[in-house]
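Hello,

Here is the structure you asked about. My notes on it follow below.

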Amino acid sequence: FQPKLLAGKRVLITAGPTYEAIDPVRGITNLSSGKMGYAIARAAREAGADVTLVSGPTSLPTPHGVRRIDVQSARQMLDAVMAAVSGQHIFVGVAAVADWRVDNASAQKIKKDGSGDAPQLHFAQNPDILATVAATTSLNGWPYCVGFAAESENLIEYGAVKREKKGIPLLVGNIGPQTFGQDENAIVLFDESGHTVLPRATKLELARQLVSEIAKRLEQRSLL
Ligand code: C5P
């Protein structure tokens, strides 16, 4: 009998884009489909974990057996994550969180005023959800934090730097070109001992490999 890789483990995942309102009917979002995050949720569930998925707006079905919490904005995502993070063993931040939100969003639909002037949007920086969770782990070592990076150049150099800057043990780099919405990807894992490439495959296959890489690292840590 082979116990499942993540049996008894609780895993919290963010996925999809965020949506930052301009007014009640307009907003700013990005091209994240949520496919990679949902695939990781499915793979973690298959591996026996108790999985909570905090999701921005997507059109994807909830993976079987996964608890899903829907949010729109980055701040709602942070609130949902912080409400669920206690007792989690693993946090995987896959969401493409908007770096900025509209600071002067209108409570009413913005109307054309006839002057020809366009509305002025002001932006405020959003909280970094992954860095916030990572900063809480130093107390007891949980949850084990995994981040993602979508760089357009110098992935190997920037990935290693980003892992350190975010204060996380494992960072996953998307190997371009543009993976948003695609069913396949190739990724590179950065940890304290260097980097490892997982070659092109479907997002579900990569998600399963990533789950076993995470399980392997958790096991190594518990032996320390
Ligand atoms: O800094 P950058 O946006 O490239 O970092 C990407 C990683 O950080 C992803 O894991 C993403 O989910 C997470 N992130 C976050 N909150 C933000 C920005 C990024 O959790 N506001």
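How do the residues of the shell around the ligand divide into nonpolar, polar and charged? Eight are nonpolar, four are polar and one is charged. Here Ala, Val, Leu, Ile, Met, Phe, Trp, Tyr, Cys and Pro count as nonpolar, Asp, Glu, Lys and Arg as charged, and the others, Gly among them, as polar.

This is a predicted model, in which local features need pLDDT of at least 70 and side-chain atom pairs count only at pLDDT 80 or more, while totals for chains, interfaces and linings use all residues. Residues are numbered from 1 along each chain as its sequence is written.

The ligand. Of the 13 residues around it, Gly 93, Val 97, Ile 129, Leu 130 and Gly 147 come nearest; a residue is near a molecule if its C-beta atom, placed from the backbone, lies within 6 Å of it. Strand β9 (144-149) gives the largest share of the shell, three residues. Helices (H or I, at least four residues) and strands (E, at least two) are DSSP runs, numbered from the N terminus.

The hairpin. Strands β2 (residues 20-23) and β3 (residues 26-28) pair in the antiparallel sense over three bridges; pairing requires that DSSP finds at least two bridges between two strands. The hairpin joins β2 to β3 through two residues.

Gly 27. This residue is found in strand β3 and is the bridge partner of Ala 21. Gly 27 counts as partly exposed because 18 other C-beta atoms lie within 10 Å; buried means 20 or more, exposed 12 or fewer, and partly exposed in between, with C-beta atoms placed from the backbone.

Regards
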